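How do the words used to describe a protein model follow from the values behind them? The questions and answers below take a few such words in turn.

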Amino acid sequence: MNLSTNPATGETFARFELHTPAQVDTALDHAARAQRDWRWSTPGARTALLHRLAAGLRCERDTLGALITAEMGKPIGEARAEVEKCALNCDFYADNAAAMLADAPVVGVPDVIIAHEPLGVVLAIMPWNYPLWQVVRFLAPALAAGNGVILKHAANVPGCALAIERLVVEAGAPAGLFASLRVEPDTVAALIADTRIAAVTLTGSTEVGAIVAGQAGAALKKQVLELGGSDPFVVLADADVDHAARMAVTARFTNAGQSCVNAKRFIVAEAVADRFVAAFAEGARALVMGDPTDPATTLGPLARANLRAAIDDQVRRSVAAGARVVTGSGLPNGPGFFYPATLLDHVVPGMAAFDEETFGPAAAIIRARDEDEAIALANLTAFGLGASIWTADTDRGLAVARRIDAGAVFVNAMVASDPRVPFGGIKRSGYGRELGDLGLKEFTNAKTIRWTRPALEQAA
């Protein structure tokens, strides 16, 4: 059974039965049949579907935002913004997918085109931290490319999964083309191996990603993995320190720090470190922790009790190893899964806050002697998702960006996903890309079509 539990109170407010094996089999059959027709649908039909889905999302923005807040604790303002971002994603692919997927010539080779054709039904294994966005950022390009989708959503956001399914149906998708299944984790291997599933995409932890990669690899199926991150936020000595500190608060504590692209390791030039820490701490203390349904709240609870326990354990182990608490730390009294905005200074490699992904509202501040050491510390991680560089010299920032091991590096801006730009990581942060033109084409067959004209046709 999947449970909807309010992270602000710890109370369960809805229960959903798991799908039976027979229901799963039926859903796979329906998806395979629907996709065989959808692959031949016109660009206009796909465009219209995605525009209707965008309209449906906007029409229900407040209701969907409240559902996100209820199931995983996101402050209501952030939840509503998540819904709007989903709508923008649908509109982007509705407006641009046809041109992106158009047959393309090959430079220097006549009588050849590359055609991008759908793979089939894609299994999407999605997380709870952005329960609408994580799904729709994949769903929109998948449908635009002619694929079908089976969703296995996180067990703690079943209401959000049902809402997405309903909206896709109401937008006019062919029956069965998209279906959400509630199944136990140990049944996912069978889904991946099923011949009706053509490919797999997963957003989640590195540990789960490795398991899914092994299962998909054994079945010789394409996969895209967007996994963990320990993003560096590098503040060079010439940066606008006050501005960087203000942005650091947003970069770390949005969604209570529960995002793969939240900045996690704040690597600061020693010359400006004291100023940065003071300003960062001031901003962290100004966050309002409380009821996520209150528009004034800027720091909601963590999504589950075990997540709060994990971040508290990482903070405690880091302090025991020598990190200094600037502000926050400690489990608050009262109901819900709240944890205060926490800053740890003088973090060094070997501490939990440096070596591990911290998925919660705790920031690790690492002091660097100079630019070269800052870059070395930024790259001293098993992850490689995103990074940001803060400097008064844009050209310097761009040069540093080239030296950072990551799927995306932002100069004087915090890392964020954008429907127009490919998104993904390297190293233990995964592989493949979502969003942009690359994300659209990930689950297509790049088919080479080459021809030679018969002699009679050439003569004519």
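**Terms and values in a predicted model**

Q: Which residues is L191 in contact with, leaving aside its neighbours within four places in sequence?
A: With those neighbours left aside, L191 is in contact (heavy atoms within 4.5 Å) with V24, L28, L123, L181, V183 and I197. This is a predicted model, in which local features need pLDDT of at least 70 and side-chain atom pairs pLDDT 80 or more, while totals for chains, interfaces and linings use all residues. Residues are numbered from 1 along each chain as its sequence is written, and side-chain values use heavy atoms, with hydrogens and water left out.

Q: Why does L191 count as buried?
A: Buried means under 20% relative accessible area, exposed over 50% and partly exposed in between, with a 1.4 Å probe and protein chains only; L191 has 5% relative accessibility, and therefore counts as buried. The residue L191 sits in helix α7, residues 188-193, where helices are DSSP runs of H or I with at least four residues and strands are runs of E with at least two, numbered from the N terminus.

Q: What makes α2 roughly antiparallel to α4?
A: Helix α2 (residues 43-59) and helix α4 (residues 76-100) pack at about 165 degrees, and their axes are 8 Å apart. The axes are lines fitted to C-alpha atoms over the stretch in contact, and angles run from 0 to 180 degrees between N-to-C directions. Angles under 35 degrees count as roughly parallel, over 145 as roughly antiparallel, 65 to 115 as roughly perpendicular and the rest as oblique, so α2 is roughly antiparallel to α4.

Q: Why is the pair of F138 and F443 called edge-to-face?
A: Rings of Phe, Tyr and Trp (its six-membered ring) pair if their centres lie within 6.5 Å, and planes under 30 degrees apart count as stacked, over 60 as edge-to-face and the rest as tilted. The ring centres of F138 and F443 are 5.7 Å apart and their planes stand at 85 degrees, so this pair is edge-to-face. Both F138 and F443 are buried.

Q: What values describe the aromatic pair that F233 and F276 form?
A: F233 and F276 have 6.4 Å from centre to centre and 40 degrees between the planes, and the pair is tilted. The pair links distant parts of the chain, with F233 in strand β10 and F276 in helix α10, 43 residues apart.

Q: How do you know that F233 is buried?
A: The relative accessible area of F233 is 0%, and therefore F233 is buried; F276, also with 0%, is buried as well.
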